[in-house]
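Look at the structure first, then read the points below.

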4 protein chains.
Amino acid sequence: MEETGLNRIGAFTDGVFAIAITLLVLSLDVPRGDHEITRRVLEQWPDLLTYFLSFAVVGRFWIVHHRFFATLRRFDARLVQLNMLFLAFIVLVPYTTQLLGDHADDTVAPVVYATVLGLAGLCNLAMIRYALAGGHVRDEDRATTEPFAGRAALVIPVVFFASIPVAVLSPHVSEAMWAILFFAWPARRRRLQRTVEASDTTSS
Amino acid sequence: MEETGLNRIGAFTDGVFAIAITLLVLSLDVPRGDHEITRRVLEQWPDLLTYFLSFAVVGRFWIVHHRFFATLRRFDARLVQLNMLFLAFIVLVPYTTQLLGDHADDTVAPVVYATVLGLAGLCNLAMIRYALAGGHVRDEDRATTEPFAGRAALVIPVVFFASIPVAVLSPHVSEAMWAILFFAWPARRRRLQRTVEASDTTSS
Amino acid sequence: MEETGLNRIGAFTDGVFAIAITLLVLSLDVPRGDHEITRRVLEQWPDLLTYFLSFAVVGRFWIVHHRFFATLRRFDARLVQLNMLFLAFIVLVPYTTQLLGDHADDTVAPVVYATVLGLAGLCNLAMIRYALAGGHVRDEDRATTEPFAGRAALVIPVVFFASIPVAVLSPHVSEAMWAILFFAWPARRRRLQRTVEASDTTSS
Amino acid sequence: MEETGLNRIGAFTDGVFAIAITLLVLSLDVPRGDHEITRRVLEQWPDLLTYFLSFAVVGRFWIVHHRFFATLRRFDARLVQLNMLFLAFIVLVPYTTQLLGDHADDTVAPVVYATVLGLAGLCNLAMIRYALAGGHVRDEDRATTEPFAGRAALVIPVVFFASIPVAVLSPHVSEAMWAILFFAWPARRRRLQRTVEASDTTSS
């Protein structure tokens, strides 16, 4: 029963992530009316950048979650609750993305965006640390999971929260901070890849 | 074949829950136009409270459903039908949430919200009782499932239906009743947790 | 690989059904502005009836599809193609539902609704017959699947197509025809239930 | 763990495809107001054509993806990343479909449509070639997968990119090119079918 339970929670979480990431498309509005369609479509390029940024951020959260979940041997009610709170912030991302796309020059848009994603990052961290502390992670997988709970994992929430006061001074600098975090992905990827290869060796 | 059938009904139900909970984000409207964005975003805090309330309510219904479904050994056509009716009410929640967010001061919004969620609670209860009475629950799991069909399980529909006349007098008091039900979750959680630990001991 | 393939096609189909059925909620519009909210919400009761009708129709198509799919031992490219065409009509249901809810008095709304659902019924029938004729259904499950391809299975498309000329004379009579089909569900359910019990005996 | 990982990535991808294909229905707008509903619904036939075209295109990408994924024995971080980028283009299809449905006569609509789908095709090709080059495909399935990475697989992106300059001269000719690609499906189907039968023989 536990195994089924874990699978269904994983499947439910995957479903919520898949829908939240797909609803990001709703942040792109098709221009109404018939005049100057070309100009109005081309002016949407900042919306498109925001779309790709949010896709990368939500996608990255999903990858971390799916790696983490694969190492669980059991769960308890608090873990389910932390997972639900985490998902409640992820589901807000289509809203914050549309807000940022439509009002990138207003301070409030990047502040709300950074707050929601910073809180999502903290929830994620809390969930992984709780699972490690409570012995919910299989012993042979602790080495795989611990990096996601360590100092490096703080980078995402720290950058998002640090970008809040920056947004008050300049919304565009805060957006550049997230873009750097996004372009820093390749570097993280290499570390992640080494982890995958290590676990590959273990499991075969 | 039965096993596959149960899995697919579970997966379909998870899918509907995952989508319904994610569509809650559509209850938050991004302000249009360019004036006073900050004020208009900040004025959305009641919508955000409603969002988190609905997320918690739908999330809780899903958790109960997934625990219940894990104890089934078979199903019949009536159980599928009850499940469909239950889902038809769950799918209405994004609508009732947006109605409540946009018109919290009108009596009609909390009345509709409470009616839909009270009926969802009754359907859920009817489904669990039917499964227990018809012997669809595995014998070793009856002890896990019975609490979800007992007197305590009546709390959710009773509170929702009781809040309907209250909403006529004061919409905000009825909303406070649901918030208390929501904050009472931690207490329920502990009971649920004991159940999980018990079943954990059984299955290992 | 075939087994995985079947599972993924089933999962994809479940996903599309789950989303299409959940998007039905978008046919209910939250009234904008602040005047006479109560009256305007109460005036939505025909939309709510249409919502429950479509939920029942899509839910019934899903139940038939999931029973049918459980009896397949293999598939081929044409079956996948028929399944896709079937899904293309199912995905149109949220649109036809909103059209019917908003314009129930216009002939065009029930005509479009009946056309789309009649075509969905025909596709479904074509898919089941093709699978039976091509030997894709497991021999021991032919008895379970054949009723879904027989004369009784023609009832759904025939009623929908017959309601098209009726809608030209009176939209409301055609809607009543579908409601009767919907309330006739209990009778069908009993037949389905006997089938489930029969297959239950076989598989245990 | 690897097996679970592959299954969850497959399930997540299926989820995103299922949602993106279902959101295509949002490109059909229900006419507002009460005058000349019939005429305005009937005038939506180009939107309906675009809907079926996009359904076929996204459906075809999904079928290729699901056949490809069934042949993987492992994955690495770069493959996940390529898959995410591919999904980011697929998720844009409901937007490009609505743009094309609303503004079929403007050059910009078919240009955007062709660009997004051409890039999706390239991503798909890059993913399959990377998996083959890196030895991620099971040896016994290389023969099944290689056609999807070969010269024939270039047809989809080449036709979409070639239709971009054509759209500048005449939007409708470019749309006809995609329709031909769509009606050419039967021919491809036969080749795919032979592949399925071949793999059927292998696996049984």
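This is a predicted model: local features need pLDDT of at least 70, side-chain atom pairs count only at pLDDT 80 or more; totals for chains, interfaces and linings use all residues.

Chain A is built from ten helices and has zero strands. Chain A and chain B bury about 3400 Å² between them. One salt bridge crosses that interface.

**Chain A on its own**

- Read from the N terminus, the order of elements in chain A is α-α-α-α-α-α-α-α-α-α.
- Chain A has 204 residues, and 59% of them count as buried.
- Take the contacts in chain A with a separation of 6 or more. Of these, 78% join residues 24 or more positions apart.

- Interface size is often quoted as the accessible area that is lost when the parts come together.
- For chain A and chain B, the buried area is about 3400 Å². Carbon and sulfur atoms give 72% of that area.
- Chain A brings 34 residues to the contact, and chain B brings 42 residues.
- Four residue pairs are in polar contact between chain A and chain B, counting pairs with both residues at pLDDT 80 or more.
- Which elements of chain A give two or more residues to the side that touches chain B? They are helix 1 (2–23), helix 4 (77–90), helix 5 (93–102) and helix 6 (108–133).
- Helix 1 of chain A gives the largest share of that side, with ten residues.
- Sorted by class, the side of chain A that touches chain B holds 22 nonpolar, five polar and seven charged residues.

**How the two copies are related**

- Two copies of a chain are related by a rotation about an axis and a shift along that axis.
- The copies use different surfaces in their contact: 9% of the contact residues of chain A recur in chain B.

**The salt bridge between chain A and chain B**

- Which side chains form the salt bridge? They are R8(A) and D14(B), at 2.2 Å from N to O.
- The side chains of D14(B) and R8(A) also count as a polar contact, at 2.2 Å.
- D14(B) sits in helix 1 (residues 2–23) of chain B.
- Is D14(B) buried or exposed? D14(B) has a relative accessible area of 5%, so it counts as buried.
- Leaving out residues up to four places away in sequence, D14(B) touches R8(A), F12(A) and W62(B).

**Where chain C meets chain D**

- Chain C gives 34 residues to the contact with chain D, and chain D gives 42 residues.
- The area buried here is about 3300 Å², with 72% from carbon and sulfur atoms.
- One salt bridge is found across this interface. It joins D14(D) and R8(C), with the closest N and O atoms 2.2 Å apart.
- Between chain C and chain D, four residue pairs are in polar contact, with both residues at pLDDT 80 or more.
- On the side of chain C that touches chain D, at least two residues each come from helix 1 (2–23), helix 4 (77–91), helix 5 (93–102) and helix 6 (108–133) of chain C.
- Helix 1 of chain C supplies the largest share of that side, ten residues.

**Other salt bridges**

- How many salt bridges are there over all chains? The count comes to 24.
- R8(D) and D14(A) form one of them, at 2.2 Å from N to O. This pair crosses between chains, from helix 1 (residues 2–23) of chain D to helix 1 of chain A.
- R8(D) is buried at 11% relative accessible area, and D14(A) is buried at 6%.
- E146(A) and R142(A) form a salt bridge at 3.5 Å from N to O. E146(A) is partly exposed at 38%, and R142(A) is partly exposed at 26%.
- R138(D) pairs with D141(D), with the closest N and O atoms 3.2 Å apart. R138(D) is partly exposed at 26%, whereas D141(D) is buried at 10%.
- Salt bridges also link E36(A), R39(A) and E43(A) in a network.

Methods
Residues are numbered from 1 along each chain as its sequence is written. Chains are lettered from A and ligands numbered from 1 in the order in which they are written. Side-chain values use heavy atoms; hydrogens and water are left out. Contact means heavy atoms within 4.5 Å. Buried area is the accessible area (1.4 Å probe) that two parts lose on being put together, summed over both. A salt bridge is a side-chain nitrogen of Lys or Arg within 4 Å of a carboxyl oxygen of Asp or Glu. A polar contact is a pair of N or O atoms within 3.5 Å; within protein, one must be able to donate a hydrogen and the other to accept it, and residues adjacent in sequence count only if both atoms are side-chain atoms. Helices (H or I, at least four residues) and strands (E, at least two) are DSSP runs, numbered from the N terminus. Ala, Val, Leu, Ile, Met, Phe, Trp, Tyr, Cys and Pro count as nonpolar, Asp, Glu, Lys and Arg as charged, and the others, Gly among them, as polar. Buried means under 20% relative accessible area, exposed over 50%, partly exposed in between (1.4 Å probe, protein chains only).
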